[in-house]
Amino acid sequence: MKNRTRADEVDDLYERVLPVIHSTLERDYRMTEREARDAEHDLYVWFHRFSRRSGLTSSPIAALKLPLLVAACQYGRSFQLWKHGGEDLDDKL
């Protein structure tokens with residue numbers, strides 16, 4: 001049996017959380033399918049870098065779930081602010 005690496009564990013956590021991220025980006029942050037997929041790729045790259053930060057390498061993988069979800073929401077909000085030229089967004093967004 002292959003030894004699992006931390007990167008494998010990070011991938012597994014990302015894949016488990018991905019359906020929530022995708023639906024949140026599309027439904028709550030009103031991204032198109034393509035925009036959501038592009039965001040998911042950016043978040044994947046960020047998450048792998050984040051998981052290798054000093055002090056986090058000894059943390060349990062499960063502890064990284066909340067920062068990943070927060071980052072996805074920050075990404076969605078920032079994307080919509082950029083898309084709308086920084087204008088105030090409606091309260092539902």
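Tyr 14, Ile 21, Phe 47 and Leu 64 touch the most other members of the largest nonpolar core, which has 20 residues. Such a core is a set of buried Ala, Val, Leu, Ile, Met, Phe, Trp, Tyr and Cys residues joined through side-chain atoms within 4.5 Å. The model is predicted: local features need pLDDT of at least 70 and side-chain atom pairs pLDDT 80 or more, while totals for chains, interfaces and linings use all residues. Residues are numbered from 1 along each chain as its sequence is written, and side-chain values use heavy atoms, without hydrogens and water.

At least two residues of the core come from each of α1, α2 and α3, and α1 gives the most, with 7 residues. Helices are DSSP runs (H or I, at least four residues) numbered from the N terminus. Leaving out residues up to four places away in sequence, Phe 47 touches Val 10, Leu 13, Tyr 14, Leu 64 and Leu 68; contact means heavy atoms within 4.5 Å.

| Class in α3 | Residues |
|---|---|
| Buried | Leu 68, Ala 71, Ala 72, Gly 76, Phe 79, Gln 80 |
| Exposed, on the other side | Leu 66, Gln 74 |

How values were computed
Buried means under 20% relative accessible area, exposed over 50%, partly exposed in between (1.4 Å probe, protein chains only).
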